[in-house]
Amino acid sequence: MVEMSRSRSRAWRWLIAAAISAIVVIGVDLGLRHLEHRLRDEIVQAIEGTFDGRAELDSLHISLFPTASITGARLKLHQHGADALPPLVSLDAFSVEASLAGLLRSPRRIRQLSLIGLTIQIPPKASSSGSTSPSHSAVGGNARSISLRGAQGISAKASLFHIDHILADGTRLVILPKSREKDPLVFELFRLTLRPGSEGRPMAYQAKLKNAKPPGLIDTTGEFGPWCTEDSGATPVSGTYVFRNADLSVFRGISGKLSSAGTFRGVLRRIEASGTTDVPDFALETGGHPVHLQTEFDATIDGTNGDTLLQPVIARFGDSTLVCNGGVYRREGQKGKSVVLDTQLREGRIEDVLRLVISGEPPLAGTLSFKAKMDLPPGEEDVVEALILQGSFGVRDAEFAMPEVQQRIEKLSLRGRGRHEDSTDERIVSDLSGSFVLRDAVAVFSGLSFSVPGARVQLEGEYGLVTEVIDFEGKLLMEVKVSKTQTGIKSLLLKVVDPFLKGEDAGTELPIRISGTRQEPKFGLRLWGSKRKK
């Protein structure tokens, strides 16, 4: 009987223990479910207070086994008065690292918040304003929506949560244009880490951005916020960036490895940037001569359409400095963006430019100045073939690299002054000037003037940058009559034609033509009318 009594006592103890355990489990589960609902409401409340909108969170789950964790799914935030636009914020899922003690305290302490599939879509300014009155709405399923706006929401957000660290890899920042016909400006944040600041202060961030063309990753650090609830596009952003080893060969017709570094500051809709670029091996396909190209730039980026204003860009290569002002923008009805610049080069070197655009050694050296309007439309053509240039230039103190050409120039100068020696110790330099239009890789020249002491050549014609074909016509003007350029019997015979070739100041005017190629030019008199291809 005693043994039986002991067995019954043990059974009752086990039964009571099991009942207590069940009550504890049920209590813990009910407590967790209550905490889930409360946390979900608080999260929605905090988001709506921060962003001034209507938030929807489908689910939130707390688990204590095997370790404490919080996960949520399918979060959306719509700004008030912008229901026709995509959600301002959308999120596939999130997870929270926090201790149970941290979740139960006030404010709730979160060590790390991980966001998956975050997309922020900034509406155009005209569409970003919303109503100031509270609104309530219900959503299907388990989603909840609570509207606490303005200062009340921001205060609630600040008092409810303290987040140490936010990870948001794969975030997309999309700035929507005013016109639906235009493409949005998209920033792909391959890596993103945020460290929230105190109330009303910006968040510190570190990010890697995917750059499409030229391909590569941009490392950037800086500050973001505080969020502007009245106009999200006016939210401040600033920082520094580094971009390394970008392959320029993705653009047809050019090559080189680009690195860039700089700073930026402004708001999401309009960012001011300045920095430098460095391409040690920049080359055009037509030239093939790599040059060390370095630039400094100041730019304004319009976040509504991605257009960029360049004021200015200073490019240096060799002993030449090129100053450009203009922009990168999309024309009406055009797919892609054009580069449109006013360019100016003062006291540069013609050989620096020739190394870029022609193969072989530069045929000419001298001091170059020019002004030109540049237009590079979008497309798949080589840069040289797509480029449009229109402007004027001048080269002084020019000398030709090929000795036989320079000797011809020296001889022309001597004959033009009536001197008959075959060579001279005098340094003969040339001056060139003219206007040009470059289109479809063909440069068409007008008012082209080439002068040396005693003679001047005036030409019109064209040169193919790819074909290297020369086709010019014009006239040769000399100080003396043509008979004075020769001696003996030749001089006597030429006296007969002196009246027919009379030029300025009783000198000589000869119609000439230059044809052939850059490697094998042909010089001759044009006595029977024009032979140029029109």
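User: Which residues form the negative surface patch?
Analyst: That patch is made by Glu285, Glu381, Glu385 and Asp440. Keep in mind that this is a predicted model.

User: Where does Glu285 sit?
Analyst: Glu285 is in the loop that runs between strand 16 (270-284) and strand 17 (291-302).

User: And is Glu285 buried or exposed?
Analyst: Glu285 is exposed, because its relative accessibility is 60% and the cut-off for exposed is over 50%.

User: OK, salt bridges next. How many does the count come to?
Analyst: The count comes to 19 salt bridges.

User: Which residue meets Lys208 in one?
Analyst: Asp219 does, with 2.5 Å from N to O between the side chains. Lys208 belongs to strand 11 (residues 203-211) and Asp219 to strand 12 (residues 216-224), so the pair ties together parts 11 residues apart in sequence. Lys208 is partly exposed, at a relative accessible area of 28%, and Asp219 also counts as partly exposed, at 28%.

User: What about Lys337, which partner does its side chain meet?
Analyst: The side chain of Lys337 meets Asp307 in a salt bridge, 3.0 Å from N to O. Lys337 lies in the loop between strand 19 (320-329) and strand 20 (338-349), while Asp307 is in the loop between strand 17 and strand 18 (308-317), so this pair ties together parts that are 30 residues apart in sequence. Lys337 counts as partly exposed at 26% relative accessibility, whereas Asp307 is buried at 18%.

User: And which residue does Glu473 pair with?
Analyst: Glu473 and Arg513 meet through their side chains in a salt bridge of 3.6 Å, N to O. The pair links distant parts of the chain, with Glu473 in strand 26 (residues 469-478) and Arg513 in strand 27 (residues 508-517), 40 residues apart. Glu473 is buried, at 10% relative accessibility.

User: Which residues do salt bridges with shared partners join into one network?
Analyst: Those are Glu347, Arg396 and Asp397.

User: Changing topic: what does Ser430 touch?
Analyst: Leaving out residues up to four places away in sequence, Ser430 touches Val395, Arg396, Asp397, Ala398, Phe400, Ile409, Phe450, Ser451 and Val452. Ser430 lies in strand 23 (residues 430-439) and is buried, with a relative accessible area of 0%.

User: Last one: why is helix 4 largely enclosed?
Analyst: Because 6 of the 8 residues of helix 4 (residues 350-357) are buried, the rest of the structure largely encloses the helix. The buried residues are Ile350, Glu351, Asp352, Leu354, Leu356 and Val357.

Terms used. Residues numbered from 1 in each chain as written. Predicted model: local features only at pLDDT ≥ 70, side-chain atom pairs only at ≥ 80, totals over all residues. Heavy atoms only, no water. Helix = DSSP H or I, 4+ residues; strand = E, 2+ residues; numbered from the N terminus. Buried < 20%, exposed > 50% of the residue type's maximum accessible area, 1.4 Å probe, protein only. Contact = heavy atoms within 4.5 Å. Patch = residues over 30% accessible without salt bridge, like charges linked within 9 Å, V, L, I, M, F, W, Y side chains within 5 Å. Areas by Shrake-Rupley, 256 points an atom, 1.4 Å probe, with all protein chains shown as cover. Salt bridge = Lys/Arg side-chain N within 4 Å of Asp/Glu carboxyl O. Lys, Arg positive; Asp, Glu negative; His and termini not counted. Charge placed at Lys NZ, Arg CZ, Asp CG, Glu CD.
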